[in-house]
Amino acid sequence: MTHTIGHWIAGAAVPGDSGRTLAVHDPATGEERARLAVASPEEVDRAVAAAREALPAWAGSSLARRTAVLFAYRTLLDARREELARLISAEHGKVFSDALGEVARGLEVVDLACGVPQLLKGELSTEVSARVDVASLRQPVGVVAGVTPFNFPAMVPLWMFPLAVACGNTFVLKPSEKDPSAAMLLASLAAEAGLPAGVLNVVNGDRAAVERLLDHPEVAAVSFVGSTPVAREVQRRAVAAGKRVQALGGAKNHMVVLPDADLDLAADGAVNAAYGSAGERCMAVSVVVAVGAIGDELVARIAERARAVRVGPGDDPASEMGPLITAEHRDRVAGYVQRAAAQGAEVVVDGTGLRVPGHEDGFFLGVSLLDRVPTACDAYRDEIFGPVLCVVRADSYEEAVTLVNASPWGNGAAVFTRDGGAARRFQLEVEAGMVGVNVPVPVPVGHHSFGGWKDSLFGDHHVYGEDGVRFYTRGKVVTTRWPDPADAGVDLGFPANR
Ligand code: NAD
């Protein structure tokens, strides 16, 4: 008998009552490990009502109180990080060490949120005019909704709600229906840390739950992370309903390797960033652009490393890469490799035939490497989101940057070189929100902000860091005068400062 995962509303786990459930699988075995209750619009309304009810007291709570809860939360998350990582690995499939890394990167944002008194400090200008002072404040926006993808079931929720609640908002999270248990544990730990009931709620479900949140009149802001078509639609719908929205979408990240690069470092970086987490990272490298005569040597070094990647279940310490999230996704990814040769690419490593002994029903796929991939090939044009690395050849730096900038996405981009001048040029010329110099996965630390350009982000604010604080607060400017008899008198003119 599998258990059924419900929701977390008003400080307690509640069973779903819609009558609809979905299967949650263990991707390493293909077996169903739980059922997930799918929230009805009425259940979403209940979660929003709980968040709305908790808002005045929480928004009015002192910074000292909020900080105390966040520090307690940080301590609990740190103590329970292995339990969280095991849950992530069991439902997502990524290897345990990778899941631990995900928790560590999520914790960075909790660290940031612990410093919220500093982040909300505001500004004061005295005597801007005679006896007039001006203060700028930042106040909470209200009830915030967060909608998150399957590939980082703990880290992406942690990008959002710790900072949102630190700023005095209350929150309703809709995690991915494919691996929801990490979010439920995050919510129960927040309650254990002393977060009052209703400040953080979790509704499980699918598109219908998201659409109810987007349309709900009591939801003031929406943070979304997922694929580009959904991100675009989420932004359109939330803006039409009068909300502020940040909607992070998909990616196709390029790594440019210049002729002077350290090829071993570049090959290591390409393999780690392309195949880590089975390529199911929005910051995965999916295209290497080899510039000049190094192409053959670079491909040989990547291929040697790719063939050695050990694929197996996430709970086996010997595994370096786990299964994909579903059987359908595994088959879709394999299709790109199977079509590549007919579309003009050279298949250097073909992982589509891989079988993992004892795990024949798991959603495994080996790693694949495609060389000389034409830009018209499906594998180059689409976000594959699997362990497939494309190599494209370019004759010059200019040709490489033109190729990168022709991509509709602009999440991350990396350059590998020993030439500081070329690296500097790349930083300024590449059209991407996050750039790595000899760093293949340039995910910003918690006190900077994360976000892409073009079809990788719809909205004006990146997540966490200073942008996160701005997104989760509204500005207010207070102008004060403590009058002096000298200010008396009627004057209908527009007040000029003097
Ligand atoms: P997805 O877009 O299918 O789902 C994301 C969330 O939206 C889930 O909670 C899902 O239930 C919900 N959803 C799905 N379809 C919907 C619809 N039609 N209307 C409303 N809500 C809907 O994404 P996924 O497969 O879970 O995650 C992988 C994608 O997320 C990839 O494209 C990846 O690049 C992207 N991603 C981006 C970032 C980033 O920071 N830019 C980070 C992680 C993942």
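Modeller: This is a predicted model. The unreviewed UniProt entry annotates residues 16-478 as "domain: Aldehyde dehydrogenase". Over residues 16-478 the chain is 40% helix and 22% strand. The end C-alpha atoms of that stretch lie 46 Å apart.

Now zoom in on glycine 433. This residue sits in the loop between helix H15 (420-429) and strand E20 (434-437).

Who touches it? Leaving aside neighbours within four places in sequence, glycine 433 contacts Gly410, Asn411, Gly451, Gly452 and Trp453. Take glycine 410: 23 residues separate it from glycine 433 in sequence, yet the C-alpha atoms are 6.2 Å apart.

Next, the sheet. Strand E20 pairs with strand E19 (residues 412-416) in the parallel sense, over four bridges. The open sheet has seven strands, ordered E15-E16-E17-E14-E13-E19-E20, with mixed pairing. E20 is an edge strand, as is strand E15 (346-349); each pairs on one side only. Neighbouring strands are turned by 20° against each other on average, direction ignored.

Finally, helix H10 (residues 263-275) packs on this sheet. H10 touches strands E13 (253-257), E14 (285-291), E16 (368-371), E17 (388-394) and E19. The direction of H10 makes about 170° with that of E13.

Conventions: Residues numbered from 1 in each chain as written. Predicted model: local features only at pLDDT ≥ 70, side-chain atom pairs only at ≥ 80, totals over all residues. Heavy atoms only, no water. Helix = DSSP H or I, 4+ residues; strand = E, 2+ residues; numbered from the N terminus. Contact = heavy atoms within 4.5 Å. UniProt positions renumbered as here; feature names shortened; annotations may be inferred. Pairing = 2+ DSSP bridges. Axes fitted to C-alpha atoms, helices over the stretch in contact; angles between N-to-C directions.
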